[in-house]
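Here is a set of questions and answers on one protein chain. Each answer works from the coordinates to a value or a name.

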Amino acid sequence: RPPNSFIIYRKEKHAELMSQSTSTSTLNNNVISKIVGNMWKQETPEVKALYAAKAQEEKRVHMLKHPDYKYRPKK
């Protein structure tokens, strides 16, 4: 399933945070998720619109690759 705008944002910010992190830092996925979640809440509507556009492009590409795809969550 194609990623939404927050998932794309998180992926980019995760890489940034890891590159800025020192080897003695205690950044794990839980900590990074909390940091990135707070960053997302503080982003401007323009930045969020940029990531929404990226998500739309990902969705378009996904539809081209998988035209019969339909999300079916397991119950």
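Q: What should the 16 residues of helix α1 (residues 5-20) span at 1.5 Å a residue, and how far apart are the end C-alpha atoms?
A: The model is predicted. The expected span takes 1.5 Å times one less than the number of residues, so the 16 residues of α1 should span 22 Å. This agrees with the distance between the end C-alpha atoms, which is 23 Å.

Q: Which element of the protein has the lowest mean pLDDT, and which the highest?
A: The protein averages a pLDDT of 91, and 96% of the residues score at least 70. Among the elements, the lowest mean is 92, for α1, and the highest is 97, for α3.

Q: Against which helices do the buried residues of α1 pack?
A: The buried residues of α1 are S5, I8, Y9, R10, K13 and L17. They pack against α2 (29-42) and α3 (45-65).

Q: Which elements give two or more residues to the largest nonpolar core?
A: The largest nonpolar core has eight residues: I8, Y9, L17, I32, V36, W40, Y51 and A55. Those that give two or more residues to this core are α1, α2 and α3.

Q: Which residues does V36 touch, not counting residues up to four places away in sequence?
A: V36 is one of the residues of the largest nonpolar core. With residues up to four places away in sequence not counted, V36 touches F6, Y9, R10, K13 and L17.

**Aromatic pairs**

Q: How is the aromatic pair of F6 and W40 arranged?
A: The count comes to four aromatic pairs, by this rule: ring centres within 6.5 Å. F6 and W40 are 5.8 Å centre to centre, with 70° between the planes. Planes over 60 degrees apart count as edge-to-face, so the F6 and W40 pair is edge-to-face.

Q: Is W40 buried or exposed?
A: The pair links F6 in helix α1 with W40 in helix α2, 34 residues apart. F6 has a relative accessible area of 26%, so F6 is partly exposed. W40 has a relative accessible area of 15%; because this is under 20%, W40 is buried.

Q: How many residues apart in sequence are the parts that the pair of Y9 and Y51 ties together?
A: The ring centres of Y9 and Y51 are 5.1 Å apart and the planes are at 85°, so this pair is edge-to-face. Both Y9 and Y51 are buried. Y9 lies in helix α1 and Y51 in helix α3, so the parts tied together are apart in sequence by 42 residues.

Definitions and conventions:
Residues are numbered from 1 along each chain as its sequence is written. This is a predicted model: local features need pLDDT of at least 70, side-chain atom pairs count only at pLDDT 80 or more; totals for chains, interfaces and linings use all residues. Side-chain values use heavy atoms; hydrogens and water are left out. Helices (H or I, at least four residues) and strands (E, at least two) are DSSP runs, numbered from the N terminus. Buried means under 20% relative accessible area, exposed over 50%, partly exposed in between (1.4 Å probe, protein chains only). Contact means heavy atoms within 4.5 Å. pLDDT is the predictor's confidence in each residue, from 0 to 100. A nonpolar core is a set of buried Ala, Val, Leu, Ile, Met, Phe, Trp, Tyr and Cys residues joined through side-chain atoms within 4.5 Å. Rings of Phe, Tyr and Trp (its six-membered ring) pair if their centres lie within 6.5 Å; planes under 30 degrees apart count as stacked, over 60 as edge-to-face and the rest as tilted.
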